[in-house]
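Keep the 3D view open as you read.

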Amino acid sequence: MSKYTLIVPIAADTDKMGTEMPYLFGLDSNGLMYCVKSIMGLPLEAFGDIYFTILRKHNLRYRLIEMMQIQFDRLGISHKTHIYELEKSTSSQPETLYRTVVENHITGAVLFKDADSYFTTEVYPENMLYVFPLDGLQMVNPQNKSYVTIDDMYYITNIIEKKIVSRFFCAGGYGIEDVQNFVLEYEKLSTLPQLHLSHIVYSLLLQQVHFRPQIVKEYQDWGTKEDFKRNY
C-alpha cells in the first residue's frame with residue numbers, strides 16, 4: 001500500500017445563510033463535480049489514499065457524501081477515497097489540512113490539492129510546488145495567488161502571497177515529503193492571522209528545507225464563486 005496521500009480541502013463556510021450549495025460541489029457539462037474534476041488531471045494510481053474534507057452541515061443539507069460516492073464509483077476510486085467531515089469551519093485552509101492529517105493519522109508523503117483549480121502533471125512524493133507561468137493564462141486575477149521564485153539550480157527560494165515576484169505562481173498543488181514537517185510547522189504558526197499554506201512553505205524554506213518546482217499543464221482556475229459564475 002502506497003504511503004502517498006492526496007488531500008483535497010473543501011470546507012470553507014462561505015455561505016453563512018445556507019441558501020446555496022458551494023459551487024465546487026456543482027456539476028460540469030460531463031456530470032463531474034468540480035471538486036472531483038480538480039484531481040482528474042493527476043495520476044490517481046500513484047496515491048494509496050485520497051481524502052476530501054467537507055463540512056458536516058454541507059453534507060446534511062445537500063447529501064454530499066451520496067453525491068460524491070457516485071462520482072468515486074464512476075471513476076473507479078471508491079476503494080481508496082475517504083470523505084472526512086468537520087463539525088464546524090476552521091480558521092484557515094492549513095487548519096483544515098492539519099485536522100484532516102492528525103485526526104486520520106496520516107503519515108508519509110502528501111499532496112495537498114486545491115479544489116478550485118485543475119491541471120495535468122506527473123506527481124512525486126517529494127517537497128514540491130506545482131506551478132504555472134502567469135503569462136500562460138489568457139485571463140487571470142493575479143491578486144489571489146502565491147508566487148514563487150526559482151534559482152538557477154531549479155530550487156524554490158521564495159513564496160509570497162499576492163505579490164508578483166516572478167512569472168510562476170502556485171497552481172494549487174503542494175507536495176510534502178513527510179507530512180510531520182507540515183504538522184509541526186502548523187503548530188508553530190497556527191496563531192498567525194490569515195494563515196496560508198504559502199506561509200508554512202516559506203517557514204520551511206527558511207529552515208533550509210528544499211522544494212522543487214513542477215510546471216503543470218492544462219491549468220484551469222475556477223477562482224472565487226463570482227469568477228466561476230461569470231465564466232461558467
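S9 and H6 each supply at least two residues of the lining of the largest cavity. Helices (H or I, at least four residues) and strands (E, at least two) are DSSP runs, numbered from the N terminus. This is a predicted model, in which local features need pLDDT of at least 70 and side-chain atom pairs count only at pLDDT 80 or more, while totals for chains, interfaces and linings use all residues. Residues are numbered from 1 along each chain as its sequence is written, and side-chain values use heavy atoms, with hydrogens and water left out.

On a 1 Å grid over the protein atoms alone, a cavity is a set of points where a 1.4 Å probe fits but cannot get out, a pocket is an open set with protein on both sides within 12 Å along at least five of seven lines, and lining residues have an atom within 4 Å of a point. The largest cavity has a volume of about 40 Å³, counted as the space filled by probe spheres set on the points, which are joined across faces, edges and corners. H6 gives the largest share of its lining, four residues. Around this cavity you will find Phe-112, Tyr-174, Ile-176, Phe-182, Leu-197, Ile-200, Val-201 and Leu-204. By class, these are eight nonpolar, no polar and no charged residues (Ala, Val, Leu, Ile, Met, Phe, Trp, Tyr, Cys and Pro count as nonpolar, Asp, Glu, Lys and Arg as charged, and the others, Gly among them, as polar).

Now for the largest pocket, with a volume of about 1300 Å³. Among its 41 lining residues, Ala-12, Gln-93, Asp-114, Asp-116 and His-196 are the closest to its centre. Its lining has 16 nonpolar, 16 polar and nine charged residues. Here the largest share, four residues, comes from S9.

Next, look at H4, where eight of 11 residues are buried (under 20% relative accessible area; exposed is over 50%, partly exposed in between, with a 1.4 Å probe and protein chains only). Their cover includes S1, S2, S3, S4, H5 and H6. At the start of H4, a side-chain oxygen of Ser-92 comes to within 3.1 Å of the backbone nitrogen of Glu-95. Just after H4, His-105 has a positive phi of about 55 degrees.

Finally, find Thr-120 in strand S5. Thr-120 counts as buried because its relative accessibility is 17%. Leaving aside residues up to four places away in sequence, Thr-120 touches Gly-41, Val-216, Lys-217 and Glu-218, where contact means heavy atoms within 4.5 Å.

Terms used: Polar contact = N/O pair within 3.5 Å; in protein donor to acceptor, adjacent residues only side chain to side chain.
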